[in-house]
Amino acid sequence: MQRLNPSPALDEYWMAKAIQLAAKGRYTTSPNPRVGCVIIKDEICIGQGYHIQAGTPHAEVHALVTAGENARDATAYVTLEPCSHTGRTPPCADALIKAGVARVVVGMTDPNPQVSGSGIERIKAAGIAVTQGICSEQARALNPGFIKRMQQSLPWVRVKLGVSLDGKIALANGASKWITGPAARRDVQRLRAQSCAIITGSGTVIADNPSMLVRPEQAELDNYPLSTVRQPLRVVIDSQERLTPNWLMFNDGHPVLLVNQHFRAGFSQDVEQCQLPLSAAGKIDLHLLLAELAERGINEVLVESGAGLAGAFMANGLVDELIVYQAPKLLGDKGVSMLTLPDYAQVSETPDLKLTDIRHIAEDIRLTYQLAVDKSS
């Protein structure tokens, strides 16, 4: 007989399995969230699945197909509240009800206003027991961008920097290849792969003529669920309209969003132009840009740029996460500093960072910080 009230430890164990499954979709699910599901009967896993790509079956459906008729009277562990609305696929709440599961355990409530509690209520109304909030912190960590886009109409913003031990991103003459080692650069490729968009500035394009694409052979994405690697949208900010159509990323056949003041002729059909007003400082309004990206279903943004643009995101309070790859090199006091920030008068005015992760990436160190919201805490 299936137990409807197992121990909290058992619930956490199976939810952890569902979270591991959800993480397999880290590179491919956007604009949808990453979701995993396991179906348990008599303390044995009889079905499992995760969401792979928008427009394809959700995690619950994959798990139910695997479980088949055995799903009746079983317990389903789902990292995110089952959806209750019809989008590109039918509601997962209805699929669980139809399968006859006896209990549903949910990691977190869906932040999508179209769902937000209604999926749980529909399942309860069908007489199915529901337990909520199991491993909720880990479940939330799967989808920072989706959550922020649903709640604030903005994407999650990461700024990535490769720096020397003395905090420089280049020599005084601009040379920067390579400060960090191959393993760190591979890790950056994986960051790109999980991002919906990469933001850079005209200065970086002019200096480096980069592609900003994910290079699969360098990224080495194990068990990638699609036949081809999904490329992020490249977003190029050109406030002063310095860029011409001949740069590499405008001619490689992959989409680019060129952000400027005025439409400019001559760019290929792969380059969409987006006109946004300038701020008082004569720069593209970054908050408006992020709101525009959120409207387009962009969950997670990676800023790969020079010190000026990266510093502007930081100074305007638009950064959620700062990822610093620090190499065991010294570039000297004449080198280019990692961020261009305002001339603060008081230490209390400076951004507060919270170190959330530190690890060796071969000879380099990766430091991950989140921006503190409340400096008084």
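This is a predicted model: local features need pLDDT of at least 70, side-chain atom pairs count only at pLDDT 80 or more; totals for chains, interfaces and linings use all residues.
Helix 6 itself runs over residues 144-152, and because seven of its nine residues are buried, the helix is largely enclosed by the rest of the structure. Just after helix 6, serine 153 takes a positive phi of about 60 degrees.

The domain assignment divides the protein into domain 1 (8-142) and domain 2 (146-371). The centres of domain 1 and domain 2, taken over C-alpha atoms, are separated by 33 Å, and 18 residues of domain 1 are in contact with 17 residues of domain 2. The size of an interface is often given as the accessible area lost when the parts come together. For domain 1 and domain 2 this buried area is about 1,500 Å², and carbon and sulfur atoms give 62% of it. Of the area that domain 1 buries against domain 2, 41% is supplied by Tyr27, Pro31 and Pro111, which is more than any other three residues supply.

Five residue pairs are in polar contact across the interface of domain 1 and domain 2, with both residues of each pair at pLDDT 80 or more, and the count of salt bridges between domain 1 and domain 2 is one. By class, the side of domain 1 that touches domain 2 consists of eight nonpolar, five polar and five charged residues.

Salt bridges were then considered over the whole model. Side chains of opposite charge can pair when their charged atoms come close. The count comes to 17 salt bridges, and several of them can be followed individually. Arginine 34 forms a salt bridge with glutamate 300, with 2.8 Å between the closest N and O atoms, and both of these residues belong to a network of salt bridges that links Arg34, Arg158, Glu300 and Glu321.

A further salt bridge joins the side chains of aspartate 187 and arginine 366, at 2.7 Å from N to O. Because aspartate 187 lies in helix 7 (residues 182-194) and arginine 366 in strand 16 (residues 364-371), the pair ties together parts that are 179 residues apart in sequence. Both aspartate 187 and arginine 366 are buried.

The side chains of lysine 334 and aspartate 333 form a salt bridge at 3.4 Å, N to O. Lysine 334 counts as exposed because its relative accessibility is 63%, where the cut-off is over 50%, and aspartate 333 is exposed as well, with a value of 63%.

Histidine 51 lies in the loop between strand 2 (44-50) and helix 2 (59-67), and it counts as buried because its relative accessibility of 2% falls under the 20% cut-off. The side chain of histidine 51 reaches the backbone oxygen of proline 57 at 3.2 Å. When residues up to four places away in sequence are not counted, histidine 51 touches Gly25, Thr29, Asn32, Pro33, Val35, Thr56, Pro57, His58 and Ala59.

Leucine 318 is found in the loop between helix 11 (307-315) and strand 13 (321-326), and with a relative accessible area of 10% leucine 318 is also buried. Leaving aside neighbours within four places in sequence, leucine 318 is in contact with Val157, Leu286, His287, Leu290 and Phe313. Leucine 318 and tryptophan 156 are 162 residues apart in sequence, although the distance in space from C-alpha to C-alpha is 8.9 Å.

Notes: Residues are numbered from 1 along each chain as its sequence is written. Side-chain values use heavy atoms; hydrogens and water are left out. Helices (H or I, at least four residues) and strands (E, at least two) are DSSP runs, numbered from the N terminus. Buried means under 20% relative accessible area, exposed over 50%, partly exposed in between (1.4 Å probe, protein chains only). A polar contact is a pair of N or O atoms within 3.5 Å; within protein, one must be able to donate a hydrogen and the other to accept it, and residues adjacent in sequence count only if both atoms are side-chain atoms. Contact means heavy atoms within 4.5 Å. A salt bridge is a side-chain nitrogen of Lys or Arg within 4 Å of a carboxyl oxygen of Asp or Glu. Domain bounds come from an automatic or database domain assignment. Buried area is the accessible area (1.4 Å probe) that two parts lose on being put together, summed over both. Ala, Val, Leu, Ile, Met, Phe, Trp, Tyr, Cys and Pro count as nonpolar, Asp, Glu, Lys and Arg as charged, and the others, Gly among them, as polar.
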